[in-house]
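The following note concerns the charged side-chain pairs of the structure shown below. Please read the numbered points alongside the model.

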Amino acid sequence: TSQEVEFTVRDSGIGMNKEVQENLFKEFTQADTSITRKYGGTGLGLAISKQLVKLMQGEIWIESVEGEGSSFIFKLCFEKSKNGVSSVKDTVSDILSPRHLEVLKGAKILLVEDNKVNQLVAMGLLEDYEVDMDIANNGKEAVDMTRDKMYEVILMDLQMPVMDGFEATKLIRANKDYESIPIFALSAAVMSEDKQLTKDAGMDEHLAKPIDKEELVETLVSYVT
């Protein structure tokens, strides 16, 4: 048996009109550009929320009235297991390529990412492939970890505290063991000049956030041997 559960998070903030609501779950949507510097943009948070709910085969949307606040709502379908513990119902499963599974199984991957939600998303996307993934919370941790262990691929966020992805990549490349190890930039900045900056820093690929599972897997497979 299964049961649909609806979750609602409400606020009493400035609210938003229909036009803004239609674009809110896209990367870096800003409800009112006049408050960008004061409050910051919605950035990737809602786009990642949508991606997480989608991964769990659910729905997410917003209901809002200008000047009165907003309600963020998502639905998930749970099914009851034999031991009474409810779990998210898996209504749709990805078709996993046997070749991809074979290539990526056990692949040693270092994810360099300071955001905990982004870490969970990346791990969830690759969970079925049984990769051997470690996590560094900033560039400095990544540099230290590459001195102690060999990785086949490094997934590198760009903007992080302590040390950013650009500086970390340069220091990692200075290690002779890592001169040719593939390093993929993970960033929502996808303009040609942004991609050139990552290339100049020594990165091999530039993957956009929110991460597209198919693109990530295909890129990993093309580099992992």
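Throughout, buried means under 20% relative accessible area, exposed means over 50%, and partly exposed lies in between (1.4 Å probe, protein chains only). The model is predicted, so local features need pLDDT of at least 70, side-chain atom pairs count only at pLDDT 80 or more, and totals for chains, interfaces and linings use all residues. Residues are numbered from 1 along each chain as its sequence is written, and side-chain values use heavy atoms, with hydrogens and water left out.

1. Because K75 belongs to strand β3 (residues 69-80) and E4 to strand β1 (residues 2-11), the pair ties together parts 71 residues apart in sequence; strands are DSSP runs of E, at least two residues, and helices runs of H or I, at least four, numbered from the N terminus. K75 is partly exposed, at a relative accessible area of 23%. A network of salt bridges links E4, E6 and K75.

2. K105 pairs with E130, the closest N and O atoms again being 3.8 Å apart. K105 is exposed, with a relative accessible area of 56%, whereas E130 is partly exposed at 46%.

3. Are D157 and K209 buried or exposed? Both are buried, and their side chains meet in a salt bridge (2.9 Å, N to O). D157 lies in strand β7 (residues 153-157) and K209 in the loop between β9 (205-208) and α9 (213-223), so parts 52 residues apart in sequence are tied together.

Definitions and conventions
Salt bridge = Lys/Arg side-chain N within 4 Å of Asp/Glu carboxyl O.
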